[in-house]
Amino acid sequence: MRKKIVAGNWKMNTSISKGEQLVVEIVEKSKGINGVLLIVAPPFTHLTKVADKLGNTRVALSAQNCAAETSGAYTGEVAASMIADAGAKYCILGHSERREYYGETDETLNKKLAQCFANNLIPIFCVGEKLAERESNHHFEVVKAQLSNTVFNLSEDDFGKVIIAYEPVWAIGTGKTATPDQAQEIHAFIRKTLAEKFGAKASDTPILYGGSCNPANAKSLFANEDVDGGLIGGASLKADDFITIAASF
Ligand code: PEP
């Protein structure tokens, strides 16, 4: 049985105290939900405080990014070891906003993947096509290249730990969502692509959907065979919405 996961990407939102309140509410309201791993990904500055609030609860902590290097003269960067030290167990990598605004390439992502595994952080690795690529029917090859240039380089052991998030760029923060059929089609394609490289292990890989997932559409998206949960942006900033999504399996 694959893990079901709902992860909240807070992006550059909330003050530290608002973030603390949000996780306290999430922990409290998630008590009736079983069989779903909940993850929150606040900004770096919040990690230790949020980790304190989470303690040994069922909600896990993630960063939104990590440095490609180990340590040293990299002003403004945050090392994977520091993120782990702060109490996080997961790290989002390759979010389209990082690829688009910070020039993150496959080469950088390979280094970041290595940093995560060297520090026992589980990557939530994002892939997804832009609108023009979807409209010209190139989405399959775009996503395949994103995987084969990065995740394909992992050892079998590391691959066995990774979480994939399919996030069509045209659906992120736009209110446009992939239809359940579109999501299932590409999630199945991603799993098949991973299986071509890693064999049966790919059937255990959680593949999350991200892109304007909300309480109204989560159920129909999560009902699909190959959709194992969601990476949630905007809707993860409201405890009630996040919890309703987590209860949508
Ligand atoms: C995201 O940025 O990972 C995301 C899915 O955002 P939203 O849910 O706001 O579209």
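Predicted model: local features only at pLDDT ≥ 70, side-chain atom pairs only at ≥ 80, totals over all residues.
Residues are numbered from 1 along each chain as its sequence is written. Local features here need pLDDT of at least 70, side-chain atom pairs count only at pLDDT 80 or more, totals for chains, interfaces and linings use all residues, and side-chain values use heavy atoms, with hydrogens and water left out.

Helices (H or I, at least four residues) and strands (E, at least two) are DSSP runs, numbered from the N terminus. Two packed helices are described by the angle between their axes and the distance between the axes. Axes are lines fitted to C-alpha atoms, for helices over the stretch in contact, with angles from 0 to 180 degrees between N-to-C directions.

Let's start with α1, residues 16–29, which packs against α2, residues 47–54, at about 25 degrees with the axes 9 Å apart. That makes α1 roughly parallel to α2 (the label covers angles under 35 degrees). Their crossing is right-handed, meaning that the near helix is turned clockwise from the far one by less than a right angle. On the α1 side, the residues are Ile16, Gly19, Glu20, Val23, Val24 and Val27, and they meet Lys49, Val50, Lys53 and Leu54 of α2. Sorted by class, this contact has 6 nonpolar, 1 polar and 3 charged residues. For that sorting, Ala, Val, Leu, Ile, Met, Phe, Trp, Tyr, Cys and Pro are nonpolar, Asp, Glu, Lys and Arg are charged, and the others, Gly among them, are polar.

Helix α1 also meets α11 (residues 239–246): the axes come within 9 Å and cross at roughly 35 degrees. This crossing is right-handed. Here Leu22, Glu25, Ile26 and Lys29 of α1 touch Ala239, Asp240, Phe242 and Ile243 of α11, where contact means heavy atoms within 4.5 Å. The class count is 5 nonpolar, no polar and 3 charged residues.

Helix α5 (residues 106–118) reaches 18 Å from its first C-alpha to its last, close to the 18 Å expected for 13 residues at 1.5 Å a residue. The expected span is 1.5 Å times one less than the number of residues. Leu109, Lys112, Leu113, Gln115, Cys116 and Phe117 of α5 are buried, meaning under 20% relative accessible area (1.4 Å probe, protein chains only). Their cover includes α3, β4, α4, β5 and α8. After α5 comes Asn120, with a positive phi near 60 degrees.

Over in α9 (residues 180–198), the 19 residues should span 27 Å, and the end C-alpha atoms are 26 Å apart, which agrees. Its buried residues include Ala183, Gln184, Phe189 and Leu194. Just after α9, Gly199 takes a positive phi of about 65 degrees.

| Residue | Relative accessible area |
|---|---|
| Gln146 | 12% |
| Thr193 | 0% |
| Asn224 | 15% |

Gln146 sits in α7, residues 139–148. Setting aside neighbours within four places in sequence, Gln146 contacts Arg99, Phe125, Val127 and Gly128. Its C-alpha is 9.0 Å from that of Cys126, 20 residues away in sequence.

Thr193 belongs to α9 and, not counting residues up to four places away in sequence, touches Lys144, Leu147 and Phe152.

Asn224 lies in the loop between α10 and β8. Leaving out neighbours within four places in sequence, Asn224 is in contact with Pro180 and Gln184.

Conventions
Parallel < 35°, antiparallel > 145°, perpendicular 65-115°, else oblique. Buried < 20%, exposed > 50% of the residue type's maximum accessible area, 1.4 Å probe, protein only.
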